[in-house]
Amino acid sequence: MGYKEIYARYRQHILEGRLKPGDRVPAIRTLASELQVARKTVEAAYEILIGEGYFVSQGAKGTCVNPQLLLATASEKAAVSAPPASENSPRESKGELRLGIPALDEFPHKKWLLISGKAARTLRPEEMILPPVMGYQPLREAIASYLSISRGLNCQPEQIFITSGYRANLRLILAVLAQPSDKVLFEDPGYFFGQKLLKRIAPNLHYVPVDRQGMDVDYLLRYHPDARFAIVTPTHHSPLAVTLSLPRKHQLLEWAQQHDSWIIEDDYDGEFHYTRKVIPAMKSLDVHDRVIYTGTFSKTMMPAMRVGYLVMPKETIARFNELGEILETGMSLLPQKILAQFLSEGHFYRHIKKMRILYQQRRRMMLDALQQCFPEMFDFELTDGGMHIVAFLRRGTQDKALAEIWQRHQLRVLPLSGWYMQTQKRYGLVIGYTNIRSPEQAFALLQRTARETRDAFK
């Protein structure tokens with residue numbers, strides 16, 4: 001290694017922030033010994049770095065990165081080099097009104113930590129090998145019990161397959177059951193991450209419009225009766241939050257039975273209903289076992305957990321097991337153990353019950369703030385549950401421009417039109433409200449954008 005390489009390495013470390021102003025660097029003799037080069041080689045590199053102002057010699061105290069060195073901070077670099085936030089990017093870690101983020105301020109952290117500590121302490125040697133492909137058996141049992149009680153499903157633990165979430169569910173289902181030529185139907189509008197994934201893994205992808213009664217099954221029967229898969233969000237459609245009507249549910253189930261097709265039910269936030277009228281999962285009506293039910297814990301607990309599940313129809317269990325051995329390595333065991341105990345001890349039920357009340361209150365706060373700040377701009381079609389509001393524009397179609405204004409003020413709303421793939425669209429903003437803590441906060445957030453919004457949409 002020559003002096004130029006040593007110089008370039010230290011300069012790069014400083015520019016990337018790995019070495020900061022004031023940090024000590026190794027003595028010349030020490031570094032020469034570590035790199036097995038001559039002392040003069042290191043001395044030459046250090047002299048250049050000192051001459052350019054990156055290093056400062058402090059005599060007997062050694063050498064350090066110049067404490068007075070002025071470098072762009074990471075946030076400043078990001079502001080210059082990072083592309084603008086996508087209109088379809090709820091992964092933004094900063095900002096308010098994000099979609100799909102549960103009320104993190106109300107998560108039962110203490111209980112979760114206690115259970116986590118116990119699960120880690122009781123980890124047995126045999127559990128430190130590869131985890132079961134289909135999932136930790138006590139977690140499969142706990143999920144089957146929960147779905148039976150809360151969602152009306154009649155399923156056994158053997159039908160539960162633990163995955164890493166929504167996209168893993170779709171990938172696995174289509175890998176196990178689909179041929180490349182199979183026609184796959186998706187709702188329009190529909191969840192944009194689902195759209196992006198399916199465009200890559202389902203070559204024969206088509207869209208079915210959604211109205212105020214959910215997916216238009218008459219349209220499906222008229223234009224796509226030969227489809228092999230229909231992916232639906234029947235409890236609370238994503239993003240319109242409407243519920244698939246009971247007649248349409250029966251229509252869809254009959255179609256699947258007659259054509260030997262599959263319905264993939266994405267029950268992403270079915271737990272959050274705000275009235276006494278509980279909407280059971282469509283899978284609870286499925287007498288012919290043609291529905292593959294999927295869910296995750298991202299919306300109910302925390303997105304970072306990355307634990308999802310699907311309910312395999314009994315006739316497909318062997319196929320899922322066979323291909324699962326090839327495609328899946330099994331979810332990490334420790335989070336599964338923690339979650340299994342959290343469910344089996346009843347903490348999950350209590351948490352969900354608390355969140356239903358809380359989200360109903362927070363939705364009211366956001367609605368009141370929207371109507372106070374923008375009284376003539378939006379219409380609302382409220383449903384009995386969900387985790388977001390759709391604010392429909394009363395006039396115009398410029399929801400993307402409006403969303404860009406709000407995003408500049410760190411409000412991570414999304415334009416409704418961006419969820420559509422066909423030409424018949426509706427326009428508005430999709431707004432999360434689950435982390436609003438007070439009416440004052442809701443009003444203050446919207447006031448950030450009020451003047452710019454009114455000026456742009458006079």
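Residues are numbered from 1 along each chain as its sequence is written, and side-chain values use heavy atoms, with hydrogens and water left out. Because the model is predicted, local features need pLDDT of at least 70 and side-chain atom pairs count only at pLDDT 80 or more, while totals for chains, interfaces and linings use all residues.

## Strands

Let's start with strand 15, residues 428-432. Helices (H or I, at least four residues) and strands (E, at least two) are DSSP runs, numbered from the N terminus. Five of the five residues in strand 15 are buried; buried means under 20% relative accessible area, exposed over 50%, and partly exposed in between, with a 1.4 Å probe and protein chains only.

Strand 15 pairs with strand 13 (residues 388-393) in the antiparallel sense over five bridges, where two strands pair if DSSP finds at least two bridges between them. Here H388 stands opposite G432. Strand 14 (residues 414-415) also runs antiparallel to strand 15, joined by two bridges, and P415 stands opposite L429.

Now look at strand 4 (residues 160-163): I160 and I162 point one way, F161 and T163 the other way, and all are buried. In a regular strand the side chains alternate between the two faces of the sheet. Four bridges join strand 4 to strand 11 (residues 308-311) in an antiparallel arrangement, with I160 opposite V311.

## A cavity

The model has four cavities of 30 Å³ or more. On a 1 Å grid over the protein atoms alone, a cavity is a set of points where a 1.4 Å probe fits but cannot get out, and lining residues have an atom within 4 Å of a point. Grid points are joined across faces, edges and corners, and a volume is the space filled by probe spheres set on the points.

The largest cavity has a volume of about 80 Å³. Its lining includes R363, F380, H388, I389 and V390, and strand 13 gives the largest share, three residues.

## Rings in contact

A search of the whole structure finds 21 aromatic pairs. Rings of Phe, Tyr and Trp (its six-membered ring) pair if their centres lie within 6.5 Å; planes under 30 degrees apart count as stacked, over 60 as edge-to-face and the rest as tilted. Two edge-to-face pairs are shown here:

| Pair | Centre to centre | Angle between planes |
|---|---|---|
| Y10 and Y46 | 6.1 Å | 85° |
| F378 and W406 | 6.4 Å | 90° |

The second pair links distant parts of the chain, with F378 in strand 12 (residues 378-380) and W406 in helix 14 (residues 399-408), 28 residues apart. Both F378 and W406 are buried, and Y10 and Y46 are buried too. Elsewhere, ring pairs link Y146, F297, Y309, F348 and Y349 into a cluster.

R290 lies over the face of W262, at 3.7 Å from the ring centre. A charge sits over a ring if NZ of Lys or CZ of Arg is within 6 Å of the ring centre and within 35 degrees of the ring normal.

Most residues other than glycine have a negative phi, and most peptide bonds are trans. The peptide bond from D188 to P189, however, is cis, with omega near 5°, and P189 is in the loop between strand 5 and helix 8. The bond from S238 to P239 is also cis, with omega near 15°.

D260 has a positive phi, near 55°, and sits in the loop between helix 10 and strand 9. Is D260 buried or partly exposed? D260 is partly exposed, with a relative accessible area of 44%.

Key
On a 1 Å grid over the protein atoms alone, a cavity is a set of points where a 1.4 Å probe fits but cannot get out, and a pocket is an open set with protein on both sides within 12 Å along at least five of seven lines; lining residues have an atom within 4 Å of a point.
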